[in-house]
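Dear colleague,

Please find the structure below, handed over for your review. My notes on what was found in it follow directly after.

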Amino acid sequence: MLGPDRYAPRLHDVPHEELEAAGIRGLIVDLDNTLLGFRETELGQEHLDWVERAHDRGFRIVMLSNNFSQRVRTLAAQLNVSCIPNALKPLPFGFLRAKRRLQLRRREIAVVGDQLFTDVLGGKMCGLYTILTEPIEAKDFAITRLFRFFERMMLPERRTP
Ligand SMILES: [Mg+2]
């Protein structure tokens with residue numbers, strides 16, 4: 001029930017063709033530790049390129065973050081995607097707002113994030129396809145570290161960097 005539909009080291013490891021073949025047309029993407037490590041201030045070129053190519057192929061993307069800083073909006077603007085900060089994942093409200101923005105059906109949307117108990121759990125509760133990525137940086141807030149402990153217990157097969 002709790003496992004993601006797919007694992008990927010990073011978002012840019014997921015081929016656009018694969019998503020298209022699965023009928024996915026929209027993405028709800030986490031920010032912290034999915035697109036950007038806590039100590040990083042700039043998005044990696046691979047992520048910028050991946051999102052740009054996704055747009056070229058017609059994917060719609062919304063950034064959904066529990067973070068509430070101005071940084072979320074700045075980085076979303078750099079990626080040319082709409083954003084919903086302070087999302088309170090795994091609660092469904094933010095995911096449902098993102099789904100309305102995407103104007104797509106549930107089966108056409110994939111959630112991408114590094115945390116089982118926010119990104120994957122929330123996405124699954126809303127009936128969305130879920131992709132769990134490797135966290136970019138191991139240094140997390142205390143609550144996230146606690147979640148990571150339970151993640152390791154539940155997902156021993158997930159590779160760690
Ligand atoms: Mg995250």
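Leucine 43 sits in the loop that links strand 2 (26-29) to helix 2 (45-56). Helices are DSSP runs of H or I with at least four residues, strands are runs of E with at least two, and both are numbered from the N terminus. The model is a predicted one: local features need pLDDT of at least 70, side-chain atom pairs count only at pLDDT 80 or more, and totals for chains, interfaces and linings use all residues. Residue numbers start from 1 along each chain as its sequence is written.

Leucine 43 is classed as partly exposed because it has 15 C-beta neighbours inside 10 Å. On this scale, 20 or more other C-beta atoms within 10 Å make a residue buried, 12 or fewer make it exposed, and partly exposed lies in between, with C-beta atoms placed from the backbone.

Leaving aside residues up to four places away in sequence, leucine 43 touches Leu35, Leu36, Leu48, Leu75, Gln78 and Leu79; a contact requires C-beta atoms, placed from the backbone, within 7 Å. Between leucine 43 and glutamine 78 the C-alpha to C-alpha distance is 8.5 Å, at a separation of 35 residues in sequence.

Turning to the whole protein, the secondary structure consists of six helices and six strands, in the order β-α-β-α-β-α-β-α-β-α-β-α from the N terminus. Of the 161 residues, 39% are buried. Among contacts between residues at least 6 apart in sequence, 64% join residues at least 24 apart. Along the principal axes, the C-alpha atoms fill a box of roughly 35 × 35 × 30 Å.

Yours sincerely

Methods: Contact = placed C-beta atoms within 7 Å.
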